[in-house]
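User: Got a model here that I'd like to walk through. Can we take it piece by piece?

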Amino acid sequence: MNGLTGTGALARLALRRDRALIPVWVAVLGLLPVVLAVSFADLYPTATERQEFFATSARDGTFTALYGPLRGSSLGELITWRAGFLPVVVGLISLLVVIRHTRAEEEAGRRELVGATVVGRHAGLAAALAVTCAADLAVALVVTITLIGKDLPAAGSLALGMQLAAAGWVFAAVGAVAAQVITGAGGARGIGAAVLGAAYAARIAGDRGDSPGWAWLSWLSPIGLVQRIHPYGAQRWWLLAPVATVVAVLVGVAVGLSARRDLGAGLLPDRPGRAGATPALRSPLAVAWRLHRGLFSAWIAGFALLGAVFGGVANGVGDLVGDNPTLRDVFTRLGGRSAIVDAYLASVMSIMAMLAAGYAIQAVLRLRVEETGGRAEPILATAVGRLRWAAGHLLIAALGPGIALLTAGAVTGLVYGLSSGDVGRELPHAVRLAAGQLPAVAVLAAIAVTLFGLLPRLCAMSWAALSACVLLGLVGAGAGASHWLLDVSPFTHTTGASGGSVSAVALAVLTLLAAALAAAGLAGLRRRDIPAS
């Protein structure tokens with residue numbers, strides 16, 4: 001039996017487990033570029049208007065940091081620039097999926113059971129990489145076909161799709177290595193996310209126009225490297241060769257580490273804990289905080305960083321709009337107010353709220369991880385009841401995203417207020433915008449609670465609900481979706497809260513809906529089996 005025996009069977013198993021996640025992943029990421037194409041074509045229909053946009057945006061250091069350098073004024077180049085965040089998203093999803101099907105399987109004990117059958121040592125790793133890389137390639141295919149359908153050049157469309165796929169392949173390989181380094185799936189995710197963050201930071205440092213001496217950093221970053229393919233310009237196809245080399249080296253390292261370590265172990269050994277629990281770990285809430293504190297700190301830091309970026313961008317929004325009446329109208333309608341910058345901040349807070357909802361879902365689903373990992377039963381065998389056990393995690397799932405979102409609002413308002421000279425207005429205004437999004441975040445978290453309590457095997461559908469909201473928020477309006485469809489997303493009812501177009505009744509209804517969904521989930525938790533089969 002060789003090390004890859006059973007790879008096909010494990011790949012089919014991974015596809016079955018991710019049968020809801022992968023289609024959503026491919027559809028959302030694959031369709032976003034064509035949505036950007038429609039948006040730019042509507043906002044800047046003439047070459048002159050696109051040239052004016054290019055002249056303004058290309059010299060804005062903050063936008064360069066956020067999306068990468070803008071290298072031309074054609075429609076394809078504008079799409080490529082505006083999609084500069086997509087390699088990061090594809091990379092993040094790819095590394096998380098690989099870790100889910102490798103280290104998380106070992107941590108849950110399922111890898112040991114599978115390994116007792118006719119399965120090679122490296123079959124699980126190979127299956128995870130194969131499924132992930134195939135999904136990335138599917139994203140590239142969707143991008144290529146849809147952009148060609150919008151009469152964009154076929155070679156450029158294919159290059160843009162391969163740019164995204166290449167970023168996903170690199171970080172899938174990073175996830176494979178991270179899964180060998182440490183014994184916990186959470187730690188592996190942290191290592192992978194740290195590498196991704198470092199790559200993004202290196203790309204920013206290298207692309208900033210005010211630091212030409214650091215341009216080499218962007219070449220060292222996988223994100224900066226794939227962005228230099230320049231799909232609708234120079235089309236540097238040869239850059240895929242060093243990307244493939246990096247992927248091959250990382251996969252080789254992952255396979256080498258996998259061959260040398262014990263099943264369930266990692267390159268870094270676990271540190272022994274205390275013989276007895278400290279007073280700080282003698283309640284369900286304290287245990288929940290111990291499990292969530294690393295994630296909490298990371299999300300707070302990330303939201304503060306995003307707030308600083310969006311706050312810095314806000315000062316240049318008026319210049320980007322210029323004399324374009326269509327763009328001015330879009331920004332005004334998004335925010336529900338005549339002030340363009342206020343409308344921009346309102347729409348930014350809606351995006352931040354969707355990210356906060358992702359944090360909330362992740363925190364709620366930690367309950368399912370504890371249940372399937374066999375750690376919930378020993379706690380419930382004591383005097384701790386089910387609701388008390390769940391309450392600790394749910395309290396953090398409620399407070400954590402709220403604190404993160406309010407932090408983002410405060411930093412955004414502070415940074416913009418300092419640049420505009422009116423901190424006294426902008427800081428509380430941005431915080432109010434962030435606070436107005438909390439009921440929508442609560443609804444998404446409550447959906448996760450409902451699924452956990454009533455249909456635990458379908459907990460992953462919480463992410464499908466969030467993906468639908470993101471799709472409606474980022475794509476729906478631009479694609480001309482009907483109002484009743486847009487109203488399905490709770491974020492539709494909070495985006496215009498700054499301008500008074502959303503009443504307190506709407507926010508109260510969302511809050512009551514979240515409470516009802518959470519109550520239904522907790523009622524189901526009290527009655528179902530633990531662990532659920």
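User: Start with Gln-227. Which helix does Gln-227 lie in?
Analyst: Gln-227 lies in helix H13, residues 222-227. Helices here are DSSP runs of H or I with at least four residues, strands are E runs of at least two, and numbering goes from the N terminus.

User: What kind of model is this, and how are things counted?
Analyst: This is a predicted model, where local features need pLDDT of at least 70, side-chain atom pairs count only at pLDDT 80 or more, and totals for chains, interfaces and linings use all residues. Residues are numbered from 1 along each chain as its sequence is written, and side-chain values use heavy atoms, with hydrogens and water left out.

User: Back to Gln-227. Buried or exposed?
Analyst: Gln-227 is buried, at 8% relative accessible area. Buried means under 20% relative accessible area, exposed means over 50%, and partly exposed is in between, with a 1.4 Å probe and protein chains only.

User: What does Gln-227 touch?
Analyst: Leaving out residues up to four places away in sequence, Gln-227 touches Tyr-67, Gly-68, Arg-71, Gly-84, Pro-87, Gln-163, Arg-203 and Asp-207. Contact means heavy atoms within 4.5 Å.

User: OK, cores. Which residues touch the most other members in the largest nonpolar core?
Analyst: Trp-389, Leu-405, Val-441 and Phe-491, out of 50 residues in that core. A nonpolar core is a set of buried Ala, Val, Leu, Ile, Met, Phe, Trp, Tyr and Cys residues joined through side-chain atoms within 4.5 Å.

User: Which helices each supply at least two residues of this core?
Analyst: H15 (284-314), H18 (340-364), H20 (376-380), H21 (386-420), H22 (423-436), H23 (438-454) and H24 (461-476). H18 gives the most, with 16 residues.

User: And what is Leu-405 in contact with?
Analyst: Beyond its neighbours within four places in sequence, Leu-405 contacts Phe-303, Met-349, Met-352, Ala-353, Ala-356, Ala-434, Gln-437, Leu-438 and Val-441.

User: What about the second core?
Analyst: That one is separate and has 38 residues, including Val-26, Leu-36, Leu-78 and Val-119.

User: Helix packing next. At what angle do H1 and H9 pack?
Analyst: H1 (residues 7-17) and H9 (residues 123-149) pack at about 50°, with axes 8 Å apart. That makes H1 oblique to H9. Axes are lines fitted to C-alpha atoms, for helices over the stretch in contact, and angles run from 0 to 180 degrees between N-to-C directions. Under 35 degrees counts as roughly parallel, over 145 as roughly antiparallel, 65 to 115 as roughly perpendicular, and the rest as oblique.

User: Which residues make the contact?
Analyst: H1 brings Thr-7, Leu-10, Ala-11, Ala-14 and Leu-15, and H9 brings Ala-123, Gly-124, Ala-126, Ala-127 and Val-131. By class, eight are nonpolar, two polar and no residue is charged. Ala, Val, Leu, Ile, Met, Phe, Trp, Tyr, Cys and Pro count as nonpolar, Asp, Glu, Lys and Arg as charged, and the others, Gly among them, as polar.

User: How do H9 and H10 pack?
Analyst: H9 and H10 (residues 154-181) pack at about 160°, with their axes 8 Å apart. H9 is therefore roughly antiparallel to H10. Their contact has 19 nonpolar, six polar and one charged residues.

User: Where is Asp-151?
Analyst: Asp-151 is in the loop between H9 and H10. Asp-151 counts as exposed, at 73% relative accessibility. Its phi is near 65°, a positive value in a residue other than glycine.

User: Where is His-230, and what is its phi?
Analyst: His-230 is in the loop between H13 and H14, with a positive phi of about 55°. At 13% relative accessibility, His-230 counts as buried.

User: Why flag those?
Analyst: Because most residues other than glycine have a negative phi, and most peptide bonds are trans.

User: Which peptide bond is cis?
Analyst: The bond from Ile-530 to Pro-531, with omega near 0°. Pro-531 lies in the segment after H26 (504-527).

User: Last one: where does Leu-365 lie?
Analyst: Leu-365 lies in the loop between H18 and H19 (366-372). Leu-365 counts as buried, at 12% relative accessibility. Not counting residues up to four places away in sequence, Leu-365 touches Ala-448, Cys-459, Ser-462 and Trp-463.
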